[in-house]
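Thanks for asking me to look this one over. My comments follow as numbered points, so please read them with the model open beside you.

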Amino acid sequence: MTSPLAPTKRYIEIVEHYESCLAKHGDTHLGVDWPKAQDAETRYRVMLGLMPSPRPSMVKLLDFGCGTSHLYEHIVASGVSGIEYVGLDLSPKFVELSRRKFPKNHYICADILEEPDAVPTSDYIVMNGVFTEKRSLTFDEMLTYFERTLIAAFGKAERGIAFNVMSKHLDRERADLFHLPFDTLARILIRALTRNFVIRNDYGLYEFTTYVYR
């Protein structure tokens, strides 16, 4: 039987990188490889901007790549209401830690590309940090993984998804990060998903977030 972290899946390198960050830094912003805690909080706020506020009714939110549930902590600390939170991660280590922290939440450890039936349908899906790093994957390898995962996730979202990637519009790019041109992103979304999307480049970080709606 193939291990869920089998090396044949190149994107597993990204998961293993985050697990090494957790082992080194623990349950902190550094443990999920965000350099600054304040910037991480900004990302959580922007991700939640996918959903209307105030919400007319309870919505189900899937935190895809939930890590140690820092988005859930942000939701609780900010007093955000009307959200049924579900966490999903490809890493058993992150899922186990999240379950210990928040035993009343529902968590799933699954690879949507190999176990699509294990991923529940939700109103909204947020993918914070899932596509910002590519490690040693080539751009084309990461782009393929990005497109396949987006298509799979959008198929599970009743209303919309949000995700962030690194910007191309800066002085220097890093080889281990996924810098995605706007035009390339737009072509993928229009061809594979929908024309109904919003690109947010207004929150001061070297990245941008996209909302894709039904």
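**Notes on the model**

1. Let me begin with Asp123, which sits in strand β4 (residues 122–127). Helices (H or I, at least four residues) and strands (E, at least two) are DSSP runs, numbered from the N terminus. Asp123 counts as buried, because its relative accessibility is 16%; buried means under 20% relative accessible area, exposed over 50%, and partly exposed in between (1.4 Å probe, protein chains only). Neighbours within four places in sequence aside, Asp123 is in contact with Met58, Val59, Lys60, Ala157, Glu158, Arg159 and Gly160, where contact means heavy atoms within 4.5 Å. Glu73 is 50 residues from Asp123 along the chain, and their C-alpha atoms are separated by 20 Å.

2. A word on the ground rules. This is a predicted model, in which local features need pLDDT of at least 70 and side-chain atom pairs count only at pLDDT 80 or more, while totals for chains, interfaces and linings use all residues. Residues are numbered from 1 along each chain as its sequence is written, and side-chain values use heavy atoms, with hydrogens and water left out.

3. On the overall fold, the chain has 6 helices and 7 strands. Read from the N terminus, the order is α-α-β-α-β-α-β-β-α-β-α-β-β. The C-alpha trace spans about 40 × 40 × 35 Å along its principal axes.

4. How much of the chain is buried? Of its 214 residues, 52% count as such. Among contacts between residues at least 6 apart in sequence, 67% join residues at least 24 apart.

5. Which residues of the largest nonpolar core touch the most other members? They are Leu61, Met127, Phe131, Phe146, Leu150 and Phe163, out of 66 residues in that core. Helix α5 (residues 139–154) supplies the largest share of this core, 7 residues. For reference, a nonpolar core is a set of buried Ala, Val, Leu, Ile, Met, Phe, Trp, Tyr and Cys residues joined through side-chain atoms within 4.5 Å. Leu150 itself touches Met127, Phe131, Ile161, Phe163, Leu189 and Leu193, not counting residues up to four places away in sequence.

6. Please look at Leu90 too, in the loop between β2 (83–89) and α4 (92–101). Its relative accessible area is 13%, so Leu90 is buried. Cys109 is 19 residues from Leu90 in sequence, and the two are 5.4 Å apart in space, C-alpha to C-alpha.

7. Now some backbone details to check. Most residues other than glycine have a negative phi, and most peptide bonds are trans. Ser53 and Pro54 are joined by a cis peptide bond, with omega about -5 degrees, and Pro54 lies in the loop between α2 (37–48) and β1 (59–64).

8. Two residues other than glycine are worth a look for positive phi: Asp33, near 60 degrees, and Ser69, near 65 degrees. Asp33 belongs to the loop between α1 (12–25) and α2, and Ser69 to the loop between β1 and α3 (70–78). Is each buried or partly exposed? Asp33 counts as partly exposed because its relative accessibility is 24%, whereas Ser69, at 0%, is buried.
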